Amino acid sequence: MSETLNISDAEWEVMRVVWASGESTSQEITRVLNGKRGWSQSTVKTLIGRLTSKGYLHARKEARHFVYTTHLVEPDSLKLEVEGLLSRICSRKVPNLLAYLIEKTPMIAADRAMLEEVLQNKQAVAQVPCDCYPGQCTCHLHARDTILSNLSHEENKYEN
Ligand SMILES: [Zn+2]
């Protein structure tokens, strides 16, 4: 899946309530997010409205209120969010980000064993290519490669 989700941090708070409950009314969502964030019913309704128009929440009329459900699956959505985050940084910097995440993540022994196994089975490559657009990356791989290839052309010229 290369498609990324378009869910703001505030909208993500609403999605988490719907994922946790399976289906929720705006009152139920407001009760949770008023406790966590102090948001009013109208703030929550605005967020629900945006998520509904984006097609991430579906409204079903029941008695006197709407019940909201989603077809998005939380783990799939998290993966898409992470893909979106990773697309913002150079591939060469991702291992540093992973080390940071591992350092700051509290984990039980079984979690650590799982990660150790992932690392044991991880194939190392000789070099990670920089996939950044030229001018948006500080690793200067494109610039350096261009300079090196220009230099080798110059050298060839003098040798001939
Ligand atoms: Zn790069």
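This is a predicted model: local features need pLDDT of at least 70, side-chain atom pairs count only at pLDDT 80 or more; totals for chains, interfaces and linings use all residues.

**Exercise 1.** Classify Phe66 as buried, partly exposed or exposed.

Buried means under 20% relative accessible area, exposed over 50%, and partly exposed in between (1.4 Å probe, protein chains only). Phe66 has a relative accessible area of 38%, so it's partly exposed. Tyr68, at 12%, is buried.

Residues are numbered from 1 along each chain as its sequence is written, and side-chain values use heavy atoms, leaving out hydrogens and water.

**Exercise 2.** Find the aromatic pairs and name their geometry.

Step one is the rule: rings of Phe, Tyr and Trp (its six-membered ring) pair if their centres lie within 6.5 Å; planes under 30 degrees apart are stacked, over 60 edge-to-face, the rest tilted. That gives two aromatic pairs. Next, Trp12 and Trp19 have centres 5.2 Å apart and planes at 70°, so they're edge-to-face. Both Trp12 and Trp19 are buried. Lastly, Phe66 and Tyr68 sit with centres 6.4 Å apart and planes at 40°, so that pair is tilted.

**Exercise 3.** Which residues does Leu57 contact, leaving aside neighbours within four places in sequence?

Contact means heavy atoms within 4.5 Å. With that cut-off, Leu57 touches Val14, Met15, Val18, Ile48, Leu51, Thr52, Tyr68, Thr69 and Thr70.
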